[in-house]
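Please look over the model below before reading on. The notes that follow take its features point by point.

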Amino acid sequence: MKQTRNVFFTATSLGLLFCLARPAAATQAHGAPEGLFVHQLSHLFFIFAMAILIYWLRSRKLVRETGWRNIQYAALFFILWSLDAFLVHLLDEQFLLVQVTRIGPWQIKLDTPAGMGWLGGLYYLLKLDHLLCVPGLIFLYMGLRRLSPPETETEVPGKKTP
């Protein structure tokens, strides 16, 4: 009985999640103009910070260790991801070169200025920023995991160890 109730609860929760969820864009719009400018500056600052991290790791020859090398790869992917997001914001929020219209749950229409049809394809590719962010996160996780000290058993108060 309890297992049936858990299955029903899980199925109902997943059904509500998929039916009531609103679209979540990978690259989100920001309020103009101050919010967008601050956000764009933060992308540039993040790119600069990750470049300094890579420089610092390489100048101290820390990348010889696998963990630090993975963190270097993560920083490189984060630079590419932030540059990608910066360009998307330029195209659809600052220059207003690409207009996106949702024509169905799985379809969108991209309108570009006359003679700049290639911009639609570029914009579509740039919106796939998760292809840069997710590998960066995976490399960061692998690097941190490699650099963390091995787990030791902690003593629980009141429990005697054999």
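1. First, a term. A residue is buried under 20% relative accessible area, exposed over 50%, and partly exposed in between, with a 1.4 Å probe and protein chains only. At 52% relative accessibility, Leu-96 therefore counts as exposed. Leu-96 sits in the loop between α3 and β1 (99-104). Leu-96 is not a glycine, yet its phi is positive, at about 55°. Helices (H or I, at least four residues) and strands (E, at least two) are DSSP runs, numbered from the N terminus.

2. This is a predicted model: local features need pLDDT of at least 70, side-chain atom pairs count only at pLDDT 80 or more, and totals for chains, interfaces and linings use all residues. Residues are numbered from 1 along each chain as its sequence is written, and side-chain values use heavy atoms, with hydrogens and water left out.

3. How confident is the predictor? pLDDT is its confidence in each residue, from 0 to 100. The protein has a mean pLDDT of 87, and 88% of its residues reach 70 or more. Confidence is lowest in helix α1 (residues 2-20), with a mean of 85, and highest in helix α5 (residues 130-147), at 96. Where pLDDT is low, the predicted coordinates should not be read in detail.

4. Now compare Lys-61. Lys-61 also has a positive phi of about 55°, and is not a glycine. Its place is the loop between α2 and α3. Lys-61 is partly exposed, with a relative accessible area of 47%.

5. Leu-53 belongs to helix α2 (residues 34-59). Leu-53 is partly exposed, at 25% relative accessible area. Which residues does Leu-53 contact, leaving aside neighbours within four places in sequence? They are Ile-71 and Ala-75, where contact means heavy atoms within 4.5 Å. Gln-72 is 19 residues from Leu-53 along the chain, and their C-alpha atoms are separated by 7.6 Å.

6. The axes of helix α3 (residues 66-94) and α5 come within 7 Å and cross at roughly 160°. Axes are lines fitted to C-alpha atoms, for helices over the stretch in contact, and angles run from 0 to 180 degrees between N-to-C directions. Angles under 35 degrees count as roughly parallel, over 145 as roughly antiparallel, 65 to 115 as roughly perpendicular and the rest as oblique. So α3 and α5 are roughly antiparallel to each other. Residues making the contact include Trp-68, Phe-77 and Trp-81 of α3, and Leu-132, Phe-139 and Leu-147 of α5.

Notes:
pLDDT = per-residue confidence, 0-100.
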